Amino acid sequence: MISIAVVDYLEPRRAALVSVLKEFERENGHKIEVFEFGSSSEVVESIGIGFGVAIIEHDITSNYNGLVIADKIHILSRETLIIFLSSKADRWEDGFKVSAFNYLVRPVSKAKLKSVLAEALQRASEMKKTVLITGDKNFIALPSRDIICFCWHKSRQVYVYYFKSGKIVNAKMKADLSAVEEQLLPLGFIRSKGNCIINPIHVRKIWVEGSKTHVETSLGEEIMIQRTMGMCLLQKVKR
C-alpha cells in the first residue's frame with residue numbers, strides 16, 4: 001500500500017487526477033490510498049500519514065503556492081517523491097529547488113501520467129534499499145534515500161555525506177571507486193566529472209555554462225558533472 005497526496009486548489013482537477021490514479025491501480029495491481037488537499041495547511045496537518053508520492057499543482061495564487069507546499073512536505077518528510085503539474089513550461093527549474101522527481105507541463109495525457117507514476121513507485125522502492133559500501137577496514141550501510149553524495153580524495157579516501165536525524169553528517173573510509181559506482185549507478189545516482197557520485201534526489205539546482213554542467217546539492221556545494229548526465233537530468237525534469 002502506498003499513500004499518494006493530490007494537492008490542487010481546484011476540486012475538478014483533483015477529481016480528474018484521482019480518477020487516473022484509480023485506473024492506474026486497477027491496471028497495475030498496486031494498492032493505492034489517495035488523499036486530496038486544497039491548501040498547504042491541510043497537507044502539513046496530515047504529513048504524519050507518510051506520503052510515498054505527492055502530485056502537486058505548481059501554481060501561485062493569493063492563497064496557494066505549490067512550491068511552498070512541496071518545500072514543507074520535504075522539510076517534514078524527505079522520503080516523499082514530488083511530481084509537479086503545471087501550465088508553465090518556463091518554471092521547470094523550481095523542481096530542483098525541492099528535489100522534485102518530475103515536472104510535467106499540461107496538457108498531460110493519461111498514459112504519460114501513468115508512466116511517470118510507475119517510475120516514481122519504482123524509485124520509492126529503490127530508495128528503501130540499504131546500500132552497503134565495503135572499505136578496506138570498515139563498511140557503512142545506509143538507505144539510498146539518505147545518501148547525498150560520495151566524494152573521493154587522495155589515497156582512496158572517501159567522504160560520505162548523508163542525512164541522519166534530519167541533519168547532514170559525514171563519515172570517511174577507504175574504498176574502491178569502481179565498486180561503489182557499480183552499486184550506486186543502477187539506483188539512479190550520477191557520476192561527476194571529478195570524484196563524486198551524487199544522489200539526484202538531493203540536487204537543488206542545475207545550470208549549464210558553455211560546455212560545463214553544474215549542480216548544487218543539499219550541501220550547498222557546486223559540483224561539475226558530465227554534460228551527458230546533466231542533459232539527462234534536465235530532460236527528465238522538463239518532460
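This tour moves through a predicted model, one selection at a time.

**The sheet**

Begin by selecting strands β10 to β14. These five strands form an open sheet, and their order across it is β12-β11-β10-β14-β13. The pairing is antiparallel. In general, strands of a sheet pair through backbone hydrogen bonds, in either a parallel or an antiparallel sense.

Which strands lie at the edges of the sheet? They are β12, residues 167–174, and β13, residues 190–191; each of them pairs on one side only.

Next, select β13 together with β14, residues 196–198. Two bridges join this antiparallel pair. Within the pair, arginine 191 stands opposite isoleucine 197 of β14.

**The helix on the sheet**

Colour Val180, Glu181 and Leu184, which are buried residues of α6. Viewed down the axis of the helix, the buried residues fall within an arc of 100°, so they line one face of α6. An α-helix has 3.6 residues a turn, so residues three or four places apart point the same way. The buried residues of α6 pack against β10, β13 and β14, and also against β8 (130–134).

Remain in α6 and select glutamine 183, which belongs to this helix. Is glutamine 183 buried or partly exposed? It counts as partly exposed, because its relative accessibility is 33%, and the cut-off for buried is under 20%. Glutamine 183 touches Val131, Leu132 and Ile133, leaving aside residues up to four places away in sequence. Valine 131 is 52 residues from glutamine 183 in sequence, yet the two C-alpha atoms are 7.7 Å apart in space.

**A buried lysine**

Move to helix α5, residues 110–127, and select lysine 114 within it. Lysine 114 is classed as buried because its relative accessible area is 15%. Which residues does lysine 114 touch, not counting those up to four places away in sequence? They are Val20, Glu23, Phe24 and Glu27.

**The cavity**

The structure holds one cavity of 30 Å³ or more. The volume of the largest cavity is about 40 Å³. To locate the largest cavity, select the residues that line it: Arg123, Glu126, Met127, Ser144, Leu187, Phe189, Asn199 and Ile201.

Key:
Residues numbered from 1 in each chain as written. Predicted model: local features only at pLDDT ≥ 70, side-chain atom pairs only at ≥ 80, totals over all residues. Heavy atoms only, no water. Pairing = 2+ DSSP bridges. Helix = DSSP H or I, 4+ residues; strand = E, 2+ residues; numbered from the N terminus. Buried < 20%, exposed > 50% of the residue type's maximum accessible area, 1.4 Å probe, protein only. Arc of directions from axis to C-beta. Contact = heavy atoms within 4.5 Å. 1 Å grid on protein atoms, 1.4 Å probe; cavity = no way out; pocket = protein on both sides within 12 Å on 5 of 7 lines; lining within 4 Å. Points joined across faces, edges and corners; volume = space filled by probe spheres on them.
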